[in-house]
Amino acid sequence: MTRSADRSRDRAIRRYQKDHPGMSLSDARRAVERAAAEQSPTPPRLPVVPVPVPGESLASWVGRIAEQEEISRHQAMEVLGLEPGAFASERLRELAAELPELTIERLQAATGITADEARAMAAIAPETAHFPGQRHDEEASDPGSGSGAEALLRDLLQGGRGRRPALGPLGMMGSYEGEVTVDLGADLFGHPLRTTRDLLKRADPFGLQIRNVRGPLNLGKAEALVYLRQLVDAGLLVAPDDVDDEPQDDPWGPTRDYRTWMLTPAGRILAYASGRKPSTRRSADTLVAKVVKAAAVVNDNPDSLWWVKEIRGTGAYADTTAEWLLHVDLAVDLRPRLADRNEQRKAEQRQRDAAEDRGSTELVRDLVGYGHWRTRLALAGKSKVLRLFRLEPDLPGPVLFHEDRNLTVETAPTAPYQPPAEPEPLDRCSWCLRAVAATRVARRGESSRQSTTGLCETCIVLARCAPRASADYHSLSWTIRQTLTSLTEDPFHSSGCALCGNGEAREMHWWPCLFGKIEEEAVHLPLCDVCPGLLLLVDRPDREGWWTQRHEAACVTGLHARLGTVDASMDGKPARRKKLAKLTDIHQSILDAVGRFGALSALDLARQSDRQELPHQDAGWWAIRFGHLLDHEQLVPLRGDQDEQLPYAQMRLLHEAERDLRRSMRALHTPGPVWDGTRVIEPESPQEWTSQSRQLAVLSTARDQQAQELRAARFADHEPRR
């Protein structure tokens, strides 16, 4: 979900673009950001500021300040009043072209440098890194020297800037994130650092081949070799022994280049570097206070199989002078509740068996024990900031928590551990009511072994609760095909609903909607209000995709509500919206291209990218970026293409008036079927919602026509095939 500040900024940009016809979206964004900068307060004075070196660029100086303060370059620009906006690198290039007087005043207030020093640094364009021994191609630009990238690689070669304690992780809790925080928007060898980091991450542990580099960076073979050679010279990769040998022609198929570049320790550090902002000391103290409170709760819980003896601060957190912390490192002394190791092990296994019976152990693979994992989760949660380590004897550091009691107890020997037997199946399905073997199912958190509700092998798939059934759409479709064939030839019940026997059934034609398309051939069946959605059936062949999805969700919720396996108040809506992808320069380029051409599809960009000065990628790659813009409500498909697959659907810009109407309509009413607690219904739309829907339809039709006319004018000579 976007923040209110971001939405206000977007509205201001659209309004500015509307007031200045012909201005591109990127120019309007920069103008709005400049206007906002003029209204922002003067930044406070930094206590210590490095002296600018003669011939040093503004980007290099900002990088040194960021390194000194142990913050990202983006944060350093915010502290200095440089207003980095969304992209720090783009802002530095703008300041190199023109340094406003207001920005000079802010720099003087924050650092005390003179106006001449600020202008001298800004006059030098931001450079890329130069390293000893680096070889340059004739077409490559001179990267210069003294940049922040040079300092970054120097730190990587020395093992990273992080201060990871020399301790064993406490069950791998919080140990996967890297030690270095970087500005992912910075440039490295002429490419975004984010792209280089992602390439190196994919290279671990199998290495990089030329084909892995060419696609993401849009490079030819010769350019990819130059880029790989730069990474080797920088100490991030190790070249293969046959690096100078060209691959031989393969008479049996296409020639493949199998030369592989492997990661060095420095390359592995960069591959797992973090782009998030460090936490302040105050935020870290608040997090530690929560851990200490959780430790006391764990120790007071007699059902916990582990207890906390002591917690000490270690790593960067133990250094009281550090104000910015990428991680909060704590050393924890966890001790078992039972003195006998065998009894502790048996108690761990029994606790895990009980959790599996309640359906509470998904994705838990812990060799120490389920109780150990639960204790660590109670202490640290799933935070990326907090890391737990094993407490070693005589470890220095502040004591944050200490338990004076000895909570490890002696216990009498128990019987040898025996894995629990599989629960006996029921002899009748609780949904279709047939006398067949049924697997016991229960509400999450309740024991399935004692449940009196069971589903047969058909209904457990239709209920979307079979192992991997909900994720395997082909398995679900096959089961639905088989069930529809059986119900058409021989219904499960002679009266009422053909599937579940409910007396309130409607006998009518239903259209299957498998694989996102409504089929032309209908089936004639008596079905209740819930069973059509389980079988992916719709009552009209003109139903839209969003309606069928909400109908399916409402019917699945209705099944579980009637069986008592979920809370009956659920209405089939998703619990929360998915996290939106971060928009980048590529997304902005797509918006600019769509604005110029009226309407474009991912297939258009794949075929016309050379003419539009965009990177050449396949339609699937562009379709993912189009999906991001759809989620952010920046694009909308033309009304005739709403049910098209994403690579083929033509998209246009979603204007601010349409976006406001959409948000207003969502606040009033959500159309489509819902589970109301007793049955699946489709509520009637409020009159105000209906009125706004008509306004949106009229506005969208006019916008669609404008987009199609502009597209036809642009593609008059070379209309791409659909």
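**Reading the calls in this predicted model**

Me: Helix α23 passes helix α24 in a left-handed crossing. What makes a crossing left-handed?

Reply: α23 and α24 come under the left-handed case. One note before we go on: this is a predicted model, in which local features need pLDDT of at least 70 and side-chain atom pairs count only at pLDDT 80 or more, while totals for chains, interfaces and linings use all residues. Residues are numbered from 1 along each chain as its sequence is written, and side-chain values use heavy atoms, with hydrogens and water left out.

Me: How do you know how α23 and α24 run relative to each other?

Reply: Packed helices are described by the angle between their axes and the distance between the axes. Here α23 (residues 656-668) and α24 (residues 687-714) pack at about 155°, with their axes 10 Å apart. The axes are lines fitted to C-alpha atoms over the stretch in contact, and angles run from 0 to 180 degrees between N-to-C directions. Under 35 degrees counts as roughly parallel, over 145 as roughly antiparallel, 65 to 115 as roughly perpendicular, and the rest as oblique. α23 and α24 are therefore roughly antiparallel.

Me: Why is α4 called largely enclosed by the rest of the structure?

Reply: Buried means under 20% relative accessible area, exposed means over 50%, and partly exposed lies in between (1.4 Å probe, protein chains only). In α4 (residues 73-80), 6 of the 8 residues are buried, so the helix is largely enclosed. Those residues are R73, H74, Q75, A76, M77 and L80.

Me: Which residues of α13 are buried, and how do you know where they sit around the axis?

Reply: They are R281, A284, V288, V291, A294, A295, V298 and N299. They cover an arc of only 135° around the axis, which puts them on the same side of α13; the arc is taken from the directions between the helix axis and the C-beta atoms. The face turned away from that side carries exposed residues R282, K290, K293, V297 and D300.

Me: How many disulfides does the structure hold, and what makes a pair of cysteines count as one?

Reply: There are 0. The nearest cysteine sulfur to that of C456 belongs to C459, 3.6 Å away, and a disulfide needs two cysteine sulfur atoms within 2.5 Å. C497 has its closest cysteine sulfur in C531, also at 3.6 Å, too far for a bond. C456 is buried, with a relative accessible area of 2%, and C497 is buried at 0%.

Key: Helices (H or I, at least four residues) and strands (E, at least two) are DSSP runs, numbered from the N terminus. A crossing is left-handed if the near helix is turned anticlockwise from the far one by less than a right angle, and right-handed if clockwise.
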